[in-house]
Each structure stands twice: as structure tokens, then as C-alpha cells.
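Me: I would like to go through a protein structure step by step, with the rules behind each term spelled out. Could you show it to me here?

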Amino acid sequence: MKTFDYTITDPLGMHARPAGLFVKEAAKFPCKVTIAKDGKEVDAKRILGVMSLGVKQGMSISVTCDGDEEDAAAADLEKFLKENL
């Protein structure tokens with residue numbers, strides 16, 4: 001299991017477009033990917049779950065990858081967040 005934290009820097013937060021792109025990126029990997037914020041954890045491969053977190057600028061999220069290719073998934077998703085959010 002690989003977990004990393006990330007603080008959102010985008011002024012609009014994790015709104016629909018980047019959330020959708022994040023879900024697509026997470027779906028490329030066979031492992032389970034979850035996002036947690038303030039004790040609520042959702043499946044990162046489901047757009048409605050990701051949007052339900054209501055992540056705004058300055059908020060921190062924890063991303064967990066568990067299963068096959070978890071190392072590659074964690075590295076790729078962390079890179080995605082740094083480049084897009």
C-alpha cells in the first residue's frame with residue numbers, strides 16, 4: 001500500500017474538469033485507488049465520489065494505492081496532481 005498527501009493549489013480547487021481527468025488517470029491502473037479528506041474516503045475511479053469531497057484550494061487530500069502496480073500508480077497520480085492541481 002502506497003499513500004501520499006497533497007495540498008491543492010489550484011484557485012478553483014478540484015472542480016469537474018481536473019477531477020474527471022484524475023479519475024481517468026486512476027482508472028489506468030488495476031490497483032484500488034482512494035482519496036480521503038477530513039475522514040471521508042472515496043473511490044478515486046468514480047467521478048461523483050471525488051466531486052462529493054468538495055476539495056477547495058489549500059485543502060489536503062490523502063491518496064492511497066493498494067494492489068497491483070501501486071508504486072507506478074502512486075508516482076503517476078502524484079505527478080498528475082502537481083501538474084494540474
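Reply: Two strands pair if DSSP finds at least two bridges between them, where strands (E, at least two residues) and helices (H or I, at least four residues) are DSSP runs numbered from the N terminus. This is a predicted model, in which local features need pLDDT of at least 70 and side-chain atom pairs count only at pLDDT 80 or more, while totals for chains, interfaces and linings use all residues. Residues are numbered from 1 along each chain as its sequence is written, and side-chain values use heavy atoms, with hydrogens and water left out.

Me: Which residue in S3 is the bridge partner of Ala-36?

Reply: Strand S2 covers residues 32-37 and runs antiparallel to S3, with four bridges joining them. In S3, the partner of Ala-36 is Glu-41.

Me: In what order do the four strands of the open sheet lie?

Reply: Strand S1 (2-7) and strand S3 (40-43) stand at the edges, each with a single partner strand, so one side of each has no neighbour in the sheet. The pairing is antiparallel, and the order is S1-S4-S2-S3.

Me: Is Cys-31 buried or exposed?

Reply: Buried means under 20% relative accessible area and exposed over 50%, with partly exposed in between (1.4 Å probe, protein chains only). Cys-31 has 1% relative accessibility, so Cys-31 counts as buried.
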